[in-house]
Amino acid sequence: MTGNPDLIAYVNGEFERLSQAQLSIMDHATQYGDAVFEGLGVFGRRVYALEEHVDRLWYSMKYCRMRPPMSPEGAIDIVLETVKRNRLETGYLRLLVSRGTGPLGLEFTKEIERPTVLIIPQVRRKYSDEQRLNTGLTAIITRTRRTPPEVFDPRVKSCNYLNNLMAKFEQWDAGVDAGIMLDMTGCVAEAAAENIFVVRDDHLLTPRPTHILNGITRQKVIGLARADGFQVSETSLTPYDLYMADEVFLTATLSQICPIIEVDRRPVGARVPGPVAKKMLFRLRDDMAAAAHVAF
């Protein structure tokens, strides 16, 4: 279930049922995609990596020259209050800040003073444990390339997801589970909504964070893997590295960790979810269970 109208959202200082919550058609989020957001995972009433997500939201606002609507501590409080009001044991929150409401026309942007703040709850699961642990996912490399930092820095989590969406259409047309995008140099960037890791001889390899969204779950997995004694390198990867890998897996808030068993119809390793991905999934879940921010 993803669209429960009885769930309670936060809209500019007020809590409202999803069935009643509204956003002005004059908001810059709808006019220009002029907004930034974070996706937050709720596991056992705990919001995972909440401070890290809020920090990244503030970096995104700073990059986009938006005025923060509140303090980071205030954002943490309303996230936890949203979880509490929904009695949300396990789910997902979209924390979104747009530049605000104003007249049509880019020239009026500088006159907007009050940002829009939304928190949208969902009860949502992206992949099953059957997929994560037993069957794995299939993927293609898409023709759609990741937006380069020369155009707009991909480390900013903005609401302009059109190139990601075009990659998803390619994925759906191909009948596979994931679409992997390259950067403008032909190196592996990320999937349309997840970061990517390659395992070779128990060495974890992942693209450098300068040409991708530097995912919070990605950062957590790097830290957990190193703590477990794995060597982890942020480096340039090509499609060859995906085809020759022992394992490939994706990371994201909703996906957690999902093994890729096939890329471009070529088998990855033994074409089954590998031991490193499984180990890191359970390590990540242990870390989630110990998250500091308990909502209720």
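## Contacts of Arg218

Leaving aside neighbours within four places in sequence, Arg218 is in contact (heavy atoms within 4.5 Å) with Asn195, Phe197, Thr206, Pro207, Arg208, Pro209, Ile212, Glu234 and Thr251. Arg218 sits in helix α6, residues 216-227. Helices here are DSSP runs of H or I with at least four residues; strands are runs of E with at least two; both are numbered from the N terminus. The relative accessible area of Arg218 is 1%, so Arg218 is buried. Buried means under 20% relative accessible area, exposed means over 50%, and partly exposed lies in between, with a 1.4 Å probe and protein chains only.

## Basis of the model

This is a predicted model, in which local features need pLDDT of at least 70, side-chain atom pairs count only at pLDDT 80 or more, and totals for chains, interfaces and linings use all residues. Residues are numbered from 1 along each chain as its sequence is written, and side-chain values use heavy atoms, with hydrogens and water left out.

## Overall build

The chain holds eight helices and 16 strands. Its radius of gyration is 19 Å, close to the 19 Å that the globule rule gives for 296 residues, so the chain is as compact as a globular protein of that length. The radius is taken over C-alpha atoms, and the rule is 2.2 Å times the number of residues to the power 0.38. Along the principal axes, the C-alpha atoms fill a box of roughly 55 × 45 × 35 Å.

Of the 296 residues, 54% count as buried. Among contacts between residues at least 6 apart in sequence, 71% join residues at least 24 apart.

## The seven-stranded sheet

Seven strands form an open sheet with antiparallel pairing. The order is β2-β1-β6-β5-β3-β4-β16. Strands β2 (14-17) and β16 (293-294) stand at the edges, each with a single partner strand, so one side of each has no neighbour in the sheet. Two strands pair if DSSP finds at least two bridges between them.

Inside this order, β3 (residues 35-43) and β5 (residues 90-98) run antiparallel and are joined by nine bridges. Glu38 stands opposite Leu95 in β5.

## Helix α8

Helix α8 covers residues 275-289. At 1.5 Å a residue, its 15 residues should span 21 Å, and its end C-alpha atoms are 21 Å apart, which agrees. The expected span is 1.5 Å times one less than the number of residues.

The buried residues of α8 are Val276, Ala277, Met280, Leu281, Leu284 and Met288. Seen down the axis, they fall within an arc of 135°, so they line one face of the helix. That arc is taken from the directions from the helix axis to the C-beta atoms. On the other side of α8, Pro275, Asp286 and Ala289 are exposed.

## Two aspartates with positive phi

Most residues other than glycine have a negative phi. Asp202 has a positive phi of about 60° although it is not a glycine. Asp202 lies in the loop between β10 (195-200) and β11 (203-206).

Asp264 also has a positive phi, about 55°, and is not a glycine. Its place is the loop between β14 (256-263) and β15 (266-267). With a relative accessible area of 25%, Asp264 is partly exposed.

## Cysteines

The whole structure has zero disulfides, a disulfide being a pair of cysteine sulfur atoms within 2.5 Å. Cys187 is buried, with a relative accessible area of 16%. Cys258 is buried too, at 0%.
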